[in-house]
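Here's a quick walk through one model, from its charged side chains to its core. Have the structure open as you read.

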Amino acid sequence: MIASIQWCGDLYKALPMPICCLVLMVCAILCGTLIGLEREHRSKPAGVKTVSLICIGSTIFTIASILIAGESGADRGRIAAQVVTGVGFLGAGAIIREHGTIIGLTTGATIWVVSAIGVLIGAGYAAGGVAMTV
């Protein structure tokens, strides 16, 4: 019972660091790919490649943030927090105003949410990332 609870929580506490990073990266790839496939199936912009790269990149930045902070007591979320700003600009670039209507708002929101899923996964909460993907 205790082991199953650990899998739903912070994987950094349940697995050795190299294994944890591998599991988190595979999870980010799967989550990004699933969301991207759904978007491509509906012929929407930001398909498999784009969405997967956003999820993977957010996960990598979050893992890097945690690794750089280490056990020194430094802010583990400092680099990961900047993902929100950077991806906000990326999502804003997907939004276009054309003939009085706004196009790409859902694409921009998708980019932002996929990045949040990547940060959640990178923080060690793979089960939460999968739940949000579903």
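## Salt bridge

A salt bridge here is a side-chain nitrogen of Lys or Arg within 4 Å of a carboxyl oxygen of Asp or Glu. This is a predicted model, so local features need pLDDT of at least 70 and side-chain atom pairs count only at pLDDT 80 or more, while totals for chains, interfaces and linings use all residues. Residues are numbered from 1 along each chain as its sequence is written, and side-chain values use heavy atoms, with hydrogens and water left out.

By that cut-off, the structure holds one salt bridge. E38 and R42 make it through their side chains, at 2.3 Å from N to O. On accessibility (buried is under 20% relative accessible area, exposed is over 50%, partly exposed is in between, with a 1.4 Å probe and protein chains only), E38 counts as partly exposed because its value is 37%. R42 is exposed, at 54%.

Now look at D10, in the loop between α1 (2-8) and α2 (17-41). Helices are DSSP runs of H or I with at least four residues, numbered from the N terminus. D10 is buried yet has no salt bridge, and K13, the nearest side chain of opposite charge, is 4.5 Å away. For charge, Lys and Arg count as positive and Asp and Glu as negative, with His and the chain ends not counted.

What does the side chain of D10 reach? It gets to the backbone nitrogen of Y12, at 3.0 Å. Beyond its neighbours within four places in sequence, D10 is in contact (heavy atoms within 4.5 Å) with A123, G124 and Y125.

The length of α2 checks out: its 25 residues should span 36 Å at 1.5 Å a residue, and its end C-alpha atoms are 36 Å apart. The expected span is 1.5 Å times one less than the number of residues. Buried residues of α2 include L24, A28, C31 and G32, and the buried set packs against α3 (48-69), α5 (105-122) and α6 (126-133). Just after α2, S43 takes a positive phi of about 55°.

A nonpolar core is a set of buried Ala, Val, Leu, Ile, Met, Phe, Trp, Tyr and Cys residues joined through side-chain atoms within 4.5 Å. The largest one has 25 residues, and L24, C55 and I121 touch the most other members. α2 gives the most to this core, with eight residues. Leaving out residues up to four places away in sequence, C55 touches A28, C31, G32, V114, I117, G118 and I121.

Definitions and conventions:
Helix = DSSP H or I, 4+ residues; strand = E, 2+ residues; numbered from the N terminus. Polar contact = N/O pair within 3.5 Å; in protein donor to acceptor, adjacent residues only side chain to side chain.
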